[in-house]
Amino acid sequence: MEYRIKDISLADKGKKKIEWAEANMPVLLSLKNKYEETKPLKDLVVGGCLHVTKETAVLTKTLAAAGAKIAWSGCNPLSTNDDIAASLVNDEELSIFASRGVSTSEYYEDIYSVLKFNPDITIDDGADLTIEFHKAFKEYGKNIIGGTEETTTGVLRLKALEKTSKLSYPIVAVNDAETKHDFDNVYGTGQSALDGIIRATNVLIAGKSVVVAGYGHVGKGIASRARGFGASVIVTEIDPINALKAKMDGFIVAPMDEASSLGDLFITSTGCKDVIVGSHIEKMKNGVILANAGHFNVEISIEEIKGLAKSSKHVNENVEQFVLINDTKINVIGEGRLVNLVAAEGHPSEVMDMSFANQFLSVLNLVNNKGKLENKIYDIDRAQDLLIAGLKLEAMGINIDKLSEVQNKYLSEYGEGT
């Protein structure tokens, strides 16, 4: 077993956290119990690049129980829980290459440590593993069957790769499953992003003007939760339909050039770069807080903030305060990286239960369809979405109606009208 983690003595603390997550992930555990005897992934290497959290630990344990050999790295320099990594190495004997606070070079070294296992399946969050795999495909790609992608940013990157006809193996867009993006992105990020901001600053959200950049699934969740805390919410958008949805949902809609002078707290969630730049910073109030909930640390231009600042200091572990030439103070959480993972624990286990059930079933489907799929991006089948939703409802003790024979007949035919 190979690994690179920070401190294996943290394993006991990590194990307790993983046990807590397992108790709140009944769908994934039901799949683990179902497949641990038949071991459909026996002798296959699953190479992962996801945030090393207690929820991800439950996914890796489920894959391992199904027979897979695991090689795993973190997908963000500041999102690894070192105690979770320690437990996965010490208690589960998995090959983990991840620690919090890695440099850029160490981050990519960890990814290549995973690639050296010659994965049969890749599981990615943000597409860094997949892109690096393509760069070294001749060396490490001999066993590849397919891969999955967890997040919006990663799917967009891989669709861009697909358009160039350079995608080398089939990818399942797990992010685009309804039981992922309508729950993980909306309710998971909505809650965990605000959780990270509050943990990092302990500010009162009520009464503040909160600017949410982007009104996709993530932005919608954040805006809803911020309003629930008592904030006045301003949404910025580039998409007319999303902007109209935000307006109809009761939010103020304005361009960032206007919103920049109005907000007390800014949260970016677009998946694009340069959402907040120097010209916006110059208009901001004294003491504003900037946070990012998008995958990469490119939405807030930290370099432009540094260019406008005469000094900076860390006011606590996760907040850096920049003092501008005009003495305005700008507070940035977590270097502009994912606020819910840098300053908190990421999404709650209950919502990751469905996302990671989708990951597990998608891996099984890739293996079962080995050699039958084209090198393109696939959506998750509707039947899988319905299966996972049904299992989640069952775990929650909720029953729903079923169509009668008459109703099924009515919906399948066209003859009956007024």
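1. Asp125 touches Cys49, Leu50, His51, Cys75, Glu149, Glu150, Thr151 and His295, not counting residues up to four places away in sequence; contact means heavy atoms within 4.5 Å. Asp125 sits in the loop between strand S4 (121-124) and helix H6 (128-135). Helices (H or I, at least four residues) and strands (E, at least two) are DSSP runs, numbered from the N terminus. With a relative accessible area of 8%, Asp125 is buried (buried is under 20% relative accessible area, exposed over 50%, partly exposed in between; 1.4 Å probe, protein chains only).

2. This is a predicted model, in which local features need pLDDT of at least 70 and side-chain atom pairs count only at pLDDT 80 or more, while totals for chains, interfaces and linings use all residues. Residues are numbered from 1 along each chain as its sequence is written, and side-chain values use heavy atoms, with hydrogens and water left out.

3. An unreviewed UniProt entry lists Thr53, Asp125, Glu150, Lys180 and Asp184 under "binding site"; UniProt positions are given in the numbering used here, feature names are shortened, and annotations may be inferred rather than shown by experiment. The lining of the largest pocket includes Thr53, Asp125, Glu150, Lys180 and Asp184. A pocket is an open set of points on a 1 Å grid over the protein atoms alone, where a 1.4 Å probe fits, with protein on both sides within 12 Å along at least five of seven lines; lining residues have an atom within 4 Å of a point.

4. Asp184 belongs to helix H9 (residues 178-201) and is buried at 3% relative accessibility. Beyond its neighbours within four places in sequence, Asp184 contacts Glu150, Thr189, His347, Val351, Met352 and Ser355.

5. Zero disulfides are found in the whole structure, a disulfide being a pair of cysteine sulfur atoms within 2.5 Å. For Cys75, the nearest cysteine sulfur is that of Cys49, 5.4 Å away. Cys75 is buried, at 2% relative accessibility. Cys272 is partly exposed at 46%, and its sulfur is 19 Å from the closest cysteine sulfur, in Cys75, too far for a bond.

6. Seven strands form an open sheet in the order S3-S2-S1-S4-S5-S6-S15, with parallel pairing; two strands pair if DSSP finds at least two bridges between them. Strand S3 (95-97) and strand S15 (377-378) are at the edges, each with a single partner strand, so one side of each has no neighbour in the sheet. Three bridges join strand S2 (residues 69-73) to S3.
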